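Open the model in a viewer and keep the selection panel at hand. The stops below go from one site to the next.

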Amino acid sequence: MQIEIFDSELKLAERAADLFEDTIRKNPAAVLGLATGASPVNTYNELIERYRAGKISFADITTFNLDEYCDLPRDDKNSYYSFMQQNLFGKVDIRPENVHIENGNADDFDAEAAAYDRAIEAAGGIDLQLLGIGTNGHIGFNEPADAFTDGTFRIKLTESTIKANSRYFTDSEMPRYALTMGIASIMHAKKILLIATGKAKAEAIYNTVKGPITPRCPASVLRLHQNAILLLDTEAASLL
Ligand code: GLP
């Protein structure tokens, strides 16, 4: 696992955007795995700027998002669908039909999860997967558990995640369940890029890099990936 540490969030975002740009230039029809949360926002802004400057195009790009809340209307302001529209998709030339986000309102969650995995496979797999990390070491919504998870599935969120993410749900209750790519889905990506910034992530990053490789800290599995890069700011890296 490669680790790079930056003294500013903007420099970190530029580096992350460089890695995206490189993937897109090598293959304009690349398949990107995308993440939500605060961590990737600067990177998405940087990608939007590069798109506006004519340096990159998303016209032939396909995307798969990591996760989506269950039982939250797709157009709710807190859905990950809305997040992606606001922070990236609505501002670049990606084709709506090439965008994939789990349907958290599916009648049959197992069928939805299986169809999502099949769609990733049919697209040729993910070339570059972007990740944030939860304060408990979760990636996507793969919460600490007794075993690493496999493909996309529905998960009950932990109290610590509900506490961390509730701040966004000011006028509605935060969902208790989500659909998420599993650990195996994430590990199948050809390249993985994890972004972590701020003191609140320092312990999770310590456990990811220095602790045992265990499903109790899901991100620790990334040490087994051939091509995983951690981009950290000095605060997130402060316990290393
Ligand atoms: C959520 C998402 C994760 C994300 C994590 C951290 O739980 N499911 O994909 O990495 O939060 O979010 P943030 O970047 O806002 O700290």
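A pocket is an open set of grid points, computed over the protein atoms alone, with protein on both sides within 12 Å along at least five of seven lines. A molecule sits in a pocket if more than half of its atoms lie within 2 Å of the pocket's grid points. The model on screen is predicted.

**Stop 1: the ligand**

Select the ligand. The space it takes is the largest pocket. Now show the residues around the ligand: there are 14, and A38, S39, D67, H138 and K201 come nearest. By class, this shell consists of 5 nonpolar, 7 polar and 2 charged residues.

At A38, a polar backbone atom is 2.7 Å from an oxygen atom of the ligand. At D67, an N or O atom of the side chain is 2.7 Å from a ligand nitrogen atom. At N165, a polar side-chain atom lies 3.2 Å from an oxygen atom of the ligand. Taken alone, the ligand exposes 390 Å², and the protein buries 93% of that area.

**Stop 2: the largest pocket**

Hide the ligand and look at the space it takes, the largest pocket. The volume of the largest pocket is about 710 Å³. Its lining has 34 residues, with T36, G37, A38, N165 and Y168 nearest the centre.

Colour by secondary structure. Which elements each supply at least two residues of this lining? They are β4 (67–69), α3 (80–87) and α5 (159–165). The largest share, 4 residues, comes from α3. Sorted by class, the lining of the largest pocket has 14 nonpolar, 16 polar and 4 charged residues.

**Stop 3: the second largest pocket**

Select R74, Y81, Q85, V99 and I101. Of the 18 residues that line the second largest pocket, these are the closest to its centre. The space here is about 260 Å³. At least two lining residues come from each of β4, α3 and β5 (99–100); β4 and α3 also contribute to the lining of the largest pocket. The class counts for the second largest pocket are 9 nonpolar, 6 polar and 3 charged.

Notes:
Residues are numbered from 1 along each chain as its sequence is written. This is a predicted model: local features need pLDDT of at least 70, side-chain atom pairs count only at pLDDT 80 or more; totals for chains, interfaces and linings use all residues. Side-chain values use heavy atoms; hydrogens and water are left out. A residue is near a molecule or strand if one of its heavy atoms lies within 4 Å of it. A polar contact is a pair of N or O atoms within 3.5 Å; within protein, one must be able to donate a hydrogen and the other to accept it, and residues adjacent in sequence count only if both atoms are side-chain atoms. Accessible areas come from the Shrake-Rupley method with a 1.4 Å probe; for residues, only the protein chains shown count as cover. On a 1 Å grid over the protein atoms alone, a cavity is a set of points where a 1.4 Å probe fits but cannot get out, and a pocket is an open set with protein on both sides within 12 Å along at least five of seven lines; lining residues have an atom within 4 Å of a point. Ala, Val, Leu, Ile, Met, Phe, Trp, Tyr, Cys and Pro count as nonpolar, Asp, Glu, Lys and Arg as charged, and the others, Gly among them, as polar. Grid points are joined across faces, edges and corners, and a volume is the space filled by probe spheres set on the points.
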